[in-house]
Amino acid sequence: MKKIFPSIKKTAIALVLLSMFASCNNFLDVRPSRLVKEDRYWRSIEDARSALIGAYGLSRAALSENAAFWMYGEFRMGDFVATSRTDLKSIINNNLGVSFPLVQKLKNWRAFYAAINSINLFIERSPGIKELDAYYTDINNRLDIAQMRCLRAFLYFYMSRIWGDVPLITSSYDGEFPQFERTPQATVLAFAEKEIVEAALDLPFIYNGTDPQSPGDYYNEGYGRWRGTIFNKISAYSVLAHIAAWQQQYDRVMSYTQFIFDNYDYANISFTNLTENLTKGKDGFFSQSSPSQILNFAFDYQSAEGTLAGHLQEFTLAAPITSKLLPDVYMPRDTILKYFNQPNDERFSIDLTTGYPKTDYYFSNYNTNIPVFSKIKVIEDGGEDKGAFRLNNATLMFTRMEELSLLRAEAAVQTGDRGEAELLVSNVMKSRGIINPSFKGKDMIDEIFAERRRELAGEGWRFFDQIRYQKIKKNNPDMMTLINSGGIYWPIADEVLKSNPKLTQNAYWLN
């Protein structure tokens, strides 16, 4: 089945390169090079479609380049340890002042601003197409711009969690890029929230021709082309909920998630109630685009969208899943036993009669010194490993209903509704085989974040969860020092600072 991202290669490659290379030459450290002349672009509905898909493609590239999504959110100060690679050890240990090429690349926000520039360009130029091509209607343009505003807001939210204060740029630039100062994080987040609230009004729940806000086939393509790959109302409100949670505005988290829980079925979204379906490689949750992968950036095998690098499983998989002898990172056995401590947990639990795990859903080779994290294992079409040049095809996904349930549970406790929090957490645990979870006499925030640690392992949440947890509990002096001193944010790349004297380094990394 075709998906949105194959079109990046087939119809949008010129615009993608234009957006990357014509953005700037100082601030993003990219030389301008016009590949599509302005008088030959922004003239037809095909140009609009290419530009839209190109913006999503650049966003995916920013998140997947150097496996950034997992380096920022999963490996940094997380539960995985490195077998031998010193660059991975430095990220895991929060030693980000080192000169390893991988770490230096992750400090650079160039790819994010390339995506943002392409979005700004779309918002500015696409309305003019309506006067040149009657097939590009007001409804089409309104829907496109709503998506672009939401995608830009998501990128700013994501960047602000990585670097804190970041320049807020809402206009496109070609050639010499103006020098901007960093914008306070609170201002960036307020902008992102306002943008999504406004833009979501123009988004449909589903792109199947039945939603009144997306009548007919979107760009003459049916539901199978767009499901789970572009912004809709539910994915927009999911980002809103996380923006609010990052700021500890839990009343707004409750409001945004209430909208999601009241309406997610309109978007054909569902919970993944079977652990096997969550974790199997072929035809499993991570193997193909689905509306239940709320805001995902797909790597579809059937459309030749797999990559050799840029995935979690590049670092986590090894024998017996692949021919690789040892993974680059793994979760130690004592960590697994400490946090996967619920009887009958299908994700991982020990059969007391044999001493062996009951399943291999989350971990393979557990009874060796280096277990293999095998929860996510989508190689090509999900079949067997075919050797060293394997294509990884697992989707890069921001959230799903189980994650949003646990986020809402966190907000419910903080707003005084422990009963709802217990119900939400219990439902997730029961879907993983845990019978009659009990929270009597337990700290509910501890229970929520422990379940997030189990359920969301490998999905890019661990570092950000630790920050939110400590902002509530304040019981880890080392982490509180990092939060209060700005050490939770990444340093900015030297090449970015040198190209723009108005920028300043995060103070924590000046010492």
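Student: At what angle do the axes of helix H12 and helix H16 cross?

Tutor: Roughly 140 degrees, with the axes of H12 (residues 250-263) and H16 (residues 401-414) coming within 9 Å. Axes here are lines fitted to C-alpha atoms, for helices over the stretch in contact, and angles run from 0 to 180 degrees between N-to-C directions. Helices themselves are DSSP runs (H or I, at least four residues) and strands are runs of E (at least two), numbered from the N terminus. Bear in mind that this is a predicted model, where local features need pLDDT of at least 70, side-chain atom pairs count only at pLDDT 80 or more, and totals for chains, interfaces and linings use all residues. Residues are numbered from 1 along each chain as its sequence is written, and side-chain values use heavy atoms, leaving out hydrogens and water.

Student: Which residues of H12 make the contact with H16?

Tutor: Tyr-250, Val-253, Met-254, Thr-257, Gln-258, Ile-260 and Phe-261 do, where contact means heavy atoms within 4.5 Å. Among their partners in H16 are Leu-404, Leu-407 and Arg-408. By class, the contact has 10 nonpolar, four polar and two charged residues. Ala, Val, Leu, Ile, Met, Phe, Trp, Tyr, Cys and Pro count as nonpolar, Asp, Glu, Lys and Arg as charged, and the others, Gly among them, as polar.

Student: Why is H18 called largely enclosed?

Tutor: Because 10 of its 12 residues are buried, that is, under 20% relative accessible area, with exposed over 50% and partly exposed in between (1.4 Å probe, protein chains only). Ile-445, Phe-449 and Arg-453 are among the buried ones. They pack against helices including H11 (233-246), H16 and H19 (462-473).

Student: What makes the length of H18 agree with a helix?

Tutor: The expected span is 1.5 Å times one less than the number of residues. For the 12 residues of H18 (residues 444-455) that gives 16 Å, and the end C-alpha atoms are 16 Å apart, so the two agree.

Student: What does H19 meet in H4?

Tutor: First, the axes of H4 (residues 68-75) and H19 come within 4 Å and cross at roughly 35 degrees. Tyr-72, Gly-73 and Glu-74 of H4 make the contact with Arg-462, Phe-463 and Phe-464 of H19.

Student: Which residues have the most contacts inside the largest nonpolar core?

Tutor: Tyr-72, Phe-112, Phe-154, Trp-163 and Phe-231, in a core of 153 residues. Such a core is a set of buried Ala, Val, Leu, Ile, Met, Phe, Trp, Tyr and Cys residues joined through side-chain atoms within 4.5 Å. Helix H8 (residues 138-163) gives its largest share, 15 residues.
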